[in-house]
Amino acid sequence: MHEASSAHLALAELRLASGDLNHARRGLRRAILLTPGDANAWRVLGEVEERLGAKRRAAMCRRNQSDALKGIGDAAGAIEALRRAQSLCPTSWSVRYRLAELLHASGHGDEAVQGLSDLVGFVLHHKDVASPSLRRHHLEKIEERLRAMGGLASSAAQALGRAWAEVGETARAVEIYRET
């Protein structure tokens with residue numbers, strides 16, 4: 001680790017402990033500029049953003065923490081960081097997709113498929129989050145990932161079929177039902 005980055009991180013943690021969140025944030029951003037792959041710096045910055053009430057930014061930090069952990073081979077830590085990001089920002093599509101992909105790659109295929117099934121439900125029940133065309137786009141992405149994970153032989157496929165029917169794509173829904 002870069003010496004200056006370590007110094008910025010240590011000072012930021014002291015500032016965080018004393019409640020000086022804005023100065024802690026500045027120091028952590030400097031540390032991350034010097035060592036962008038430092039998972040611990042991203043974790044601490046996520047804590048700061050969360051304490052400041054910036055949940056979306058905190059989720060982005062946890063996503064970056066996950067990327068850094070994945071880069072050093074810590075899949076379990078990366079999964080935990082993405083779960084935290086999802087809890088902070090449940091409307092983040094990218095976090096949900098990354099979590100499903102990482103779960104699948106880590107041998108947790110059933111959890112990955114369940115996450116995609118939950119995402120189908122999210123697409124259907126949160127119409128205020130996405131336009132009809134964006135909802136279709138996400139259903140396509142979910143279908144693509146379910147196919148890649150072998151998830152079309154699960155209850156997730158039935159949820160996907162219902163979703164396609166609900167957005168007016170009945171032919172696509174029938175196709176999904178035939179494949180299950």
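A crossing is left-handed if the near helix is turned anticlockwise from the far one by less than a right angle, and right-handed if clockwise. Helices are DSSP runs (H or I, at least four residues) numbered from the N terminus. The model is predicted, with local features requiring pLDDT of at least 70 and side-chain atom pairs counted only at pLDDT 80 or more, while totals for chains, interfaces and linings use all residues. Residues are numbered from 1 along each chain as its sequence is written, and side-chain values use heavy atoms, without hydrogens or water.

Helix 7 (residues 109–125) packs against helix 8 (residues 132–149) at an angle of about 165°, their axes being 10 Å apart. Axes are lines fitted to C-alpha atoms, for helices over the stretch in contact, and angles run from 0 to 180 degrees between N-to-C directions. Helix 7 is therefore roughly antiparallel to helix 8 (an angle over 145 degrees). Their crossing is left-handed.

Helix 1 (residues 3–17) and helix 2 (residues 21–34) have axes 8 Å apart and pack at about 160°, so they are roughly antiparallel to each other. Helix 1 passes helix 2 in a left-handed crossing. Among the contacting residues are His 8, Ala 12 and Arg 15 of helix 1, with Ala 24, Gly 27 and Leu 28 of helix 2. This contact comprises nine nonpolar, four polar and two charged residues.

Note on methods
Helices (H or I, at least four residues) and strands (E, at least two) are DSSP runs, numbered from the N terminus. Angles under 35 degrees count as roughly parallel, over 145 as roughly antiparallel, 65 to 115 as roughly perpendicular and the rest as oblique. Contact means heavy atoms within 4.5 Å. Ala, Val, Leu, Ile, Met, Phe, Trp, Tyr, Cys and Pro count as nonpolar, Asp, Glu, Lys and Arg as charged, and the others, Gly among them, as polar.
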